[in-house]
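Me: I have a chain here that I would like to go through with you. Could we take the overall fold, then the pocket, then a few residues?

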Amino acid sequence: SQKEIAENLGVPVTTVKKRLYASRQRLKEQLKDLRPLDIAVQSENALSARAQLFSAARNGFVHKIQHLLLDDSQLVQARNDDGLSILLYAAHAGHHSGNQRAAEVLLSRGASLELSSAAALGFSEKVRYSIHRNPERVRERGPWGRTVLHWAISGGHTGLAEWLLGHGAAIEATDHWGCTPLHLAAEMGHGDCVDLLVEAKANVHAQLKNGKSILHLAAQSGDVRIVETLLRDKARLDVFTVASLGLKDQMKRLLKQDPYLIKARLPFGATPLHTAAEDGQFE
């Protein structure tokens, strides 16, 4: 399993995922002249050109992006129904995969570098210039209800995030899902960003609308250092986080203290058993 690989290599699970992703991209490059692997993205008839472009950006199909833009250069300014530009969407996908090649191609083809996408991609000078011209934009909410600080943290741009906090960014701003910048830092495994936000007194007890805590997201990212940082700052080790981390002895102690915790539910219905299964904690 990815968890076992990470343990054997002494690296976080997120690193294993990124390496696997990079390997798959190299394989796709070598197989590009064969039958496409993702028919939904590659088929000219299955989806509109705009939908194909967003699917290609999500999957990192750089050659498909280039092909679509050759047919219609205006697609480089496309937006989805949530208001995300194709550049911001590609940057977001790259945060999860560790590969920003799609975003680079879009920039080279003339995609507009707006404030959110500049923050997501770490273009600090562009962000600073925009905020200096209009300081109120530091708290402005864009697509998905996210602020410029959300996007900087999502990309792991610690220096930019620190600058934004010093210029009035809202450390507890939540997006449409109740996600704070600290949630994103923990989920993405950005330890330096977690340290920055914790030191700036971000609320380590905040929960998403689905009930997941910051500590729970850190546990799912597989970064033990982030988990330890949050625990030192008094984050609560609840039954769901224990299940996610696979702490069998701790689970036994919790259930001995309160047997009814076995039936605890997050707002959308997940139990500790769901959580353990989701994160591959067999024992």
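**Fold, pocket and residues**

Reply: In the protein chain, residues 24 or more positions apart account for 60% of the contacts with a separation of 6 or more, a contact being heavy atoms within 4.5 Å. This is a predicted model, in which local features need pLDDT of at least 70 and side-chain atom pairs count only at pLDDT 80 or more, while totals for chains, interfaces and linings use all residues. Residues are numbered from 1 along each chain as its sequence is written, and side-chain values use heavy atoms, with hydrogens and water left out.

Me: How many helices and strands are there in the protein chain?

Reply: The protein chain has 18 helices and zero strands; these are DSSP runs numbered from the N terminus, helices being H or I of at least four residues and strands E of at least two. Its radius of gyration is 20 Å, close to the 19 Å that the globule rule gives for 283 residues, so the chain is as compact as a globular protein of that length. The radius is taken over C-alpha atoms, and the rule is 2.2 Å times the number of residues to the power 0.38.

Me: What percentage of the residues is buried?

Reply: Buried residues make up 46% of the 283, where buried means under 20% relative accessible area (1.4 Å probe, protein chains only).

Me: On to the largest pocket. Which element supplies the largest share of its lining?

Reply: That is α2, with seven residues. The lining has 43 residues in total, and Lys-17, Leu-217, Gln-220, Ser-221 and Gly-222 lie nearest the pocket's centre. A pocket is an open set of points on a 1 Å grid over the protein atoms alone where a 1.4 Å probe fits, with protein on both sides within 12 Å along at least five of seven lines; lining residues have an atom within 4 Å of a point.

Me: Which other helices contribute at least two residues?

Reply: Among them are α6 (86–97), α14 (214–221) and α16 (239–245).

Me: Now Ser-97: buried or exposed?

Reply: Ser-97, in helix α6, is buried, with a relative accessible area of 11%. Its side chain reaches the backbone nitrogen of Asn-99 at 3.1 Å. Leaving aside neighbours within four places in sequence, Ser-97 is in contact with Lys-18 and Tyr-21.

Me: And which residues are buried in α4?

Reply: In α4 (residues 49–59), the buried residues are Gln-52, Leu-53, Phe-54, Ser-55, Ala-56 and Ala-57. Just after α4, Gly-60 takes a positive phi of about 75°.

Conventions
Buried < 20%, exposed > 50% of the residue type's maximum accessible area, 1.4 Å probe, protein only. Polar contact = N/O pair within 3.5 Å; in protein donor to acceptor, adjacent residues only side chain to side chain.
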